[in-house]
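Reader: I am new to this structure. Please show me how to read it, feature by feature.

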Protein chains: 2
Amino acid sequence: MEEPPHRRRAHAGSRDLQRYAGLFAERTGVMRSSAMRDLMAITARPEVISLAGGLPDTSTFPAATFAAQMTRIAQESAAEALQYGPTEGFAATVDCIVEVMGAEGMLPDHDDVIVTTGGQQAIDLICKTLIDPGDVVVCEAPTYPGAVPVFCSYQAETIQVDCDEDGMRIDELDAVLERLDREGRRPKLVYSVPSFQNPAGVTLSLERRRRLVELARSRELLVVEDNPYGLLRFGGEPLPPLYQLDGGDFVIYVGTFSKILSPGIRLGWAVAPPPVMEKIVLGKQASDLCTSTLTQHFVREYFAEGRWQAYVDSLAELYRGRRDTMVEALRRHFPPQATWTEPEGGMFIWATLPEFIDTGDLLAKALREDVAFVPGQSAYVEDGRGRNSMRLNFSGSGEEEIREGIRRIGNVVAEQVELYHALTAGKGAEGSPGTPGREAEDVPVDVKAKPSSGPGHDLTPPGPDEGAVLPFRKKENTG
Amino acid sequence: MEEPPHRRRAHAGSRDLQRYAGLFAERTGVMRSSAMRDLMAITARPEVISLAGGLPDTSTFPAATFAAQMTRIAQESAAEALQYGPTEGFAATVDCIVEVMGAEGMLPDHDDVIVTTGGQQAIDLICKTLIDPGDVVVCEAPTYPGAVPVFCSYQAETIQVDCDEDGMRIDELDAVLERLDREGRRPKLVYSVPSFQNPAGVTLSLERRRRLVELARSRELLVVEDNPYGLLRFGGEPLPPLYQLDGGDFVIYVGTFSKILSPGIRLGWAVAPPPVMEKIVLGKQASDLCTSTLTQHFVREYFAEGRWQAYVDSLAELYRGRRDTMVEALRRHFPPQATWTEPEGGMFIWATLPEFIDTGDLLAKALREDVAFVPGQSAYVEDGRGRNSMRLNFSGSGEEEIREGIRRIGNVVAEQVELYHALTAGKGAEGSPGTPGREAEDVPVDVKAKPSSGPGHDLTPPGPDEGAVLPFRKKENTG
């Protein structure tokens, strides 16, 4: 006991995994890292153009406004802003939340709202309330990469339902629910990002929204609607959120200030019926007692200015230009066999490359060229899916960076395509130079990809909906 | 589907528990509310003197400093302060944490530290990493009321080891570990607040600290040291934290800025060896992605001023006066049979009343007199323990409030004592007027309370260490 700490700290050998492994909870065996999170460290290097993160552009937030609000807090309510607050959050924060939801036509009861430490905690607390190990969770394919670690940490069995241009395929969801019925199982929840989905950028059509809500009500099935991007629409008619269509009986709503104001304040919320909310509040108490009162005061002061919607509109305008720039760059620098979505809002494009390209391997090469993206696999729970796709973020980088970033990715893709052709020359392999864009024209609206016979592949035998890719509009290759 | 939301919102009947109960996770059946949290709503009423919360006095934090720091952040790093950050926290925040731990003689590796959303999340993430349902957790009796909901939410079997004036009884801990050995079980962790414990106010002696660390090292047992109050010492010699004695092999450390700066910024931390930290980071990703970057910048700017320790010293001085005031008020207004601890630091006094008084019932009466405390039961996982004790906070109220609050509680206690004596008059019941302070003199250093035969009692048959009360120094009753 007399040995000084700095001496003992040297016993690296005594600190290896073996000693602790036996103590770890079972959940740690299936807990996964979110690729985005891992990439943050790498992409912090200034020379790296990161199209990986889901970062809003916080540089556009007026520093003067920020300073003025904080000064007001310091002068008028410093003691309260630095103190503990109620677990449910301040009523004033809930007023702001109700105002934001009202902007999309929703009318939640104040009592049904809890302020959370970002939308991520809302998802975690909902799962904490509903999920036992082995329970079934249904979500989109691909799904929000940050939701995958939550479902895994609660040891859920996650079933992913394919998306097409109109979002989650409700016919496929219906089939999944029927199958589960026959097995005597009932999913605890269906998780969906209906608008400008992360990562696919697609939006659930009005007709499908109605069908999904009807399904939920007829089957008494809980739907978790995660809607961080709904207000970031670049054009066209807004669609009613699922929560509005349902009225809040079976749709649990997750919202956040991260994409309309700031992720750094870690303020999100959940809206749930009283019996569920009661459990969510208990879960929140154990998780972190309450949400930051300082950042709640910040939001209150900011909303008091009445300019929050104008700022959101300015972000949407900014992101629309960046989406156009990224789409143009993709046409110029990606090979003819590549396809991508064209979101009408939000922050992400989902690009799909020839099947012989593994975007996990591609990322390593891309990072050597100082550019980053999120490999498609991180949007799937099941191994082997999304291997030839990638999530590209257009909100966090300027247009010049986007052009250069896509150019660099396009170059490493081109190298892979050439390598593949060199190895398969004359074997009439798909995507051979002689047939530019052939697959593209052949692809039906919800094509199933076949496992590639290309090199460097190690696909597990495909299941019925293995490796489904999103449909796309074929772009003229102007490169 | 065409029915407008506001109409459907009226279907209260359709939103009752039955519909959702079948969907709740098993853990919700044992999840508990933290009494402190529930009390926050009630005690928010301005007329209530709350000695219930664990609130530091944030009114002493200089508003000018606050405003200056925030203005600096707005001018120099607004975009970063509003953006996502790394899951582990900023290196600059970790520098501040290492400085705080250094002030108590600890030398953690920067890589062993993760910034969390308050100390509460650190406890939650450690349990997330280690606890499966049915696993054994050992903690103090009484223990931090906010830790009870965490242990319950992970469905741990919690065993509480009695405290006396020198903190957790290591001989009793040893006996518990022996018993578990014979049962072929191994506790996943021992949770302790060694300094100025919440709620008891007692401090683990140096000799017991050494023995606890020896136990941990010889049994390869993880100890979680929760040390929010260590720097709030009113006098006497500081004791080395368990982490310092162990060097960080078997002691996982939990710290927070809540009691030395502000709870409203929700900044705490955990220090753990790399294999454990790796899992904690995964857990944090799923829980809330990262800790507020805005409040991390606030801490960085605040520490850059180099005055943080002077502020902590000013808090300790303030709280020392309030402790003295509360002790004096207890002598004046509590009955001779009442006992209490006299902490040398921190924020809490633990008072124990005659056994025929149930502090749960007493709280209802106290709230009618606009005064609140935390009933002792909330510091025990096992029902029926701590029934005649209460936690009193002296950091969050001014000296006048403390005097008045204790006077009001003393009055409702006196009513209960009179009622009891009226009902048991002449039956030689303990605490009868004829024998003021008798029990006090009789009480050995670790007396076991016997279940009372008094009215209004519903004690389950006592276990071997059922209803143990803390020892105390008998005070002259000057009232």
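**Reading the model**

Author: Helix 4 of chain B passes helix 12 of chain B in a right-handed crossing. Handedness is read from the near helix: turned clockwise from the far one by less than a right angle, the crossing is right-handed, and anticlockwise makes it left-handed. Helices are DSSP runs of H or I with at least four residues, strands are runs of E with at least two, and both are numbered from the N terminus.

Reader: What should I know about the model and its numbering?

Author: This is a predicted model, in which local features need pLDDT of at least 70 and side-chain atom pairs count only at pLDDT 80 or more, while totals for chains, interfaces and linings use all residues; side-chain values use heavy atoms, without hydrogens and water. Residues are numbered from 1 along each chain as its sequence is written, with chains lettered from A and ligands numbered from 1 in the order of writing.

Reader: At what angle do helix 4 and helix 12 of chain B pack?

Author: First, the idea: axes are lines fitted to C-alpha atoms, for helices over the stretch in contact, and angles between N-to-C directions run from 0 to 180 degrees. Here helix 4 (residues 63–81) and helix 12 (residues 293–304) of chain B pack at about 125°, with axes 9 Å apart. That makes helix 4 of chain B oblique to helix 12 of chain B. The classes are roughly parallel (under 35 degrees), roughly antiparallel (over 145), roughly perpendicular (65 to 115) and oblique (the rest).

Reader: Which residues of helix 4 and helix 12 of chain B make the contact?

Author: Contact means heavy atoms within 4.5 Å. Helix 4 of chain B contributes residues including Phe66(B), Met70(B) and Ile73(B). Among those from helix 12 of chain B are Leu294(B), Phe298(B) and Tyr302(B). By class, the residues of this contact divide into 7 nonpolar, 5 polar and 5 charged. Nonpolar covers Ala, Val, Leu, Ile, Met, Phe, Trp, Tyr, Cys and Pro; charged covers Asp, Glu, Lys and Arg; the others, Gly among them, are polar.

Reader: Is the crossing of helix 5 and helix 12 of chain B left-handed or right-handed?

Author: Left-handed, for helix 5 and helix 12 of chain B. The axes of helix 5 (residues 91–102) of chain B and helix 12 of chain B come within 9 Å and cross at roughly 55°. That makes helix 5 of chain B oblique to helix 12 of chain B. Cys96(B) and Val100(B) are among the contact residues of helix 5, and Val299(B) and Phe303(B) among those of helix 12. The classes are 5 nonpolar, 2 polar and 2 charged in this contact.

Reader: How do strands of a sheet pair?

Author: Strands of a sheet pair through backbone hydrogen bonds, either parallel or antiparallel. In practice, two strands pair if DSSP finds at least two bridges between them. In chain B, 8 strands form an open sheet in the order 2-9-8-7-6-3-4-5, with mixed pairing. Its edge strands are strand 2 (113–116) and strand 5 (167–168) of chain B, each pairing on one side only. Strand 3 (residues 136–141) and strand 4 (residues 157–164) of chain B are parallel, with 6 bridges. Cys139(B) has Gln160(B) of strand 4 as its bridge partner.

Reader: Which strands does helix 5 of chain B touch?

Author: Helix 5 of chain B packs on the sheet, touching strand 2, strand 8 (251–256) and strand 9 (268–271) of chain B. Its direction makes about 105° with that of strand 2 of chain B. Helix 11 (residues 274–288) of chain B also touches strand 2, strand 8 and strand 9, and its direction makes about 20° with that of strand 2.

Reader: What is the strand order in the open sheet of 4 strands in chain A?

Author: The order is 10-11-14-13, with antiparallel pairing in chain A. Strand 10 (339–340) and strand 13 (374–375) of chain A are the edge strands. Strand 13 is joined to strand 14 (residues 389–393) of chain A by 2 bridges. Val374(A) has Arg391(A) as its bridge partner.

Reader: How are two copies of a chain related?

Author: Two copies are related by a rotation about an axis and a shift along it. Copies are superposed by least squares on C-alpha atoms of residues with pLDDT of at least 70 in both. Here a rotation of 180° with 0.0 Å of shift superposes chain A on chain B (RMSD 0.0 Å). The two copies are thus related as by a two-fold rotation axis. In chain A, the C-alpha nearest the axis belongs to Met70(A), 3.1 Å from it.

Reader: Where are the cis peptide bonds and the positive phi?

Author: Most residues other than glycine have a negative phi, and most peptide bonds are trans. The bond from Ala141(A) to Pro142(A) is cis, with omega near 0°. Pro142(A) lies in the loop between strand 3 (136–141) and helix 7 (148–153) of chain A. Another cis bond joins Asn198(B) and Pro199(B), with omega about 15°. Phe196(A) has a positive phi, near 50°, and is found in the loop between strand 6 (189–192) and helix 9 (206–219) of chain A.
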